[in-house]
Amino acid sequence: MGITIPIPEPLASSLESWRASFGDPMAAVVPPHITLITTTPASDWDATVEHVRDVAREQKPFLVRLRSTGSFRPVSPVVFLKLVDGFEECVDLHSKLQAGPLERELDFPFHPHVTVAHDVSEAGMDAAVEELDEFEASFEVRSMGLYEHVPSGLWKLREELHFGQVADGSETTTS
C-alpha cells in the first residue's frame with residue numbers, strides 16, 4: 001500500500017512534461033505527487049483502510065507552495081521541488097498515517113517533496129536543478145490517494161480520501 005497527495009491539473013501535466021524532458025523513464029507512468037507513505041505491506045487491509053480514513057476525516061485542507069529544487073544526491077539519484085509551504089502539514093500527516101497498522105522503521109527520515117528527476121543521467125539531474133531553480137507554484141491539498149501495489153509492479157488507486165469527510169462523502173462536524 002502507498003498513500004500520496006496528488007498534484008492537480010494543469011500543474012501535474014507541466015511537471016510530467018518537465019520530468020520526461022530530463023529523461024525520466026517513469027514520467028508517463030508515475031503521476032506527479034507527494035508521497036506520504038511509501039510501499040508498506042498491509043497485513044490487515046480493512047483495518048489499514050479504516051485507519052487511513054480516520055486520519056483523512058480529521059485532516060483539514062492546507063496550502064502547498066513549491067519553490068526551487070533540491071536533491072538527495074549522492075545518497076539517492078533524485079532531484080525534487082521543495083515544499084516551502086505545507087512541509088510541516090505533510091510531516092504531521094505522515095506521522096499520523098504511520099501509526100497503528102502502518103507503523104514501521106524507515107530507511108531515511110521522511111522529507112516531503114515532488115520528484116522531477118529520478119534515475120536519470122547526471123546531466124539530466126543537473127538540467128532539472130538548473131531549469132527549475134526559479135520554479136514556483138502552489139495549490140490547495142484537499143485529499144490523498146490510497147494505492148495498492150499490484151502484481152504488475154504498478155500502483156492502482158483504490159480510494160481518494162477527501163479531508164474532513166466520512167467515507168460517504170459527507171463532511172465531519174467538529175464541536
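Guide: This is a predicted model. We can start with one side chain, Trp-18, whose relative accessible area is 29%.

Visitor: Is Trp-18 buried, exposed or partly exposed?
Guide: Buried means under 20% relative accessible area, and exposed means over 50%. Trp-18 has 29%, so Trp-18 is partly exposed.

Visitor: And is Phe-22 buried or exposed?
Guide: The relative accessible area of Phe-22 is 6%. The limit for buried is under 20%, so Phe-22 is buried.

Visitor: How many aromatic pairs are there in the whole structure, and what kind of pair do Trp-18 and Phe-22 form?
Guide: A search of the whole structure finds three aromatic pairs. The ring centres of Trp-18 and Phe-22 are 5.8 Å apart, and the planes stand at 25°. Planes under 30 degrees apart count as stacked, so this pair is stacked.

Visitor: How many residues apart in sequence are the parts tied together by Phe-62 and Phe-163?
Guide: These two rings form a stacked pair, 6.3 Å centre to centre with 15° between the planes. Both Phe-62 and Phe-163 are buried. Phe-62 lies in strand 3 and Phe-163 in the segment after strand 8, so the parts tied together are apart in sequence by 101 residues.

Visitor: Which strands stand at the edges of the open sheet of four strands?
Guide: The order in this sheet is 5-4-3-6, with antiparallel pairing. An edge strand here has a single partner, so one side of it is left without a neighbour in the sheet; this holds for strand 5 (114-118) and strand 6 (136-141).

Methods. Residues numbered from 1 in each chain as written. Predicted model: local features only at pLDDT ≥ 70, side-chain atom pairs only at ≥ 80, totals over all residues. Heavy atoms only, no water. Pairing = 2+ DSSP bridges. Helix = DSSP H or I, 4+ residues; strand = E, 2+ residues; numbered from the N terminus. Phe/Tyr/Trp six-rings, centres within 6.5 Å; stacked < 30°, edge-to-face > 60°. Buried < 20%, exposed > 50% of the residue type's maximum accessible area, 1.4 Å probe, protein only.
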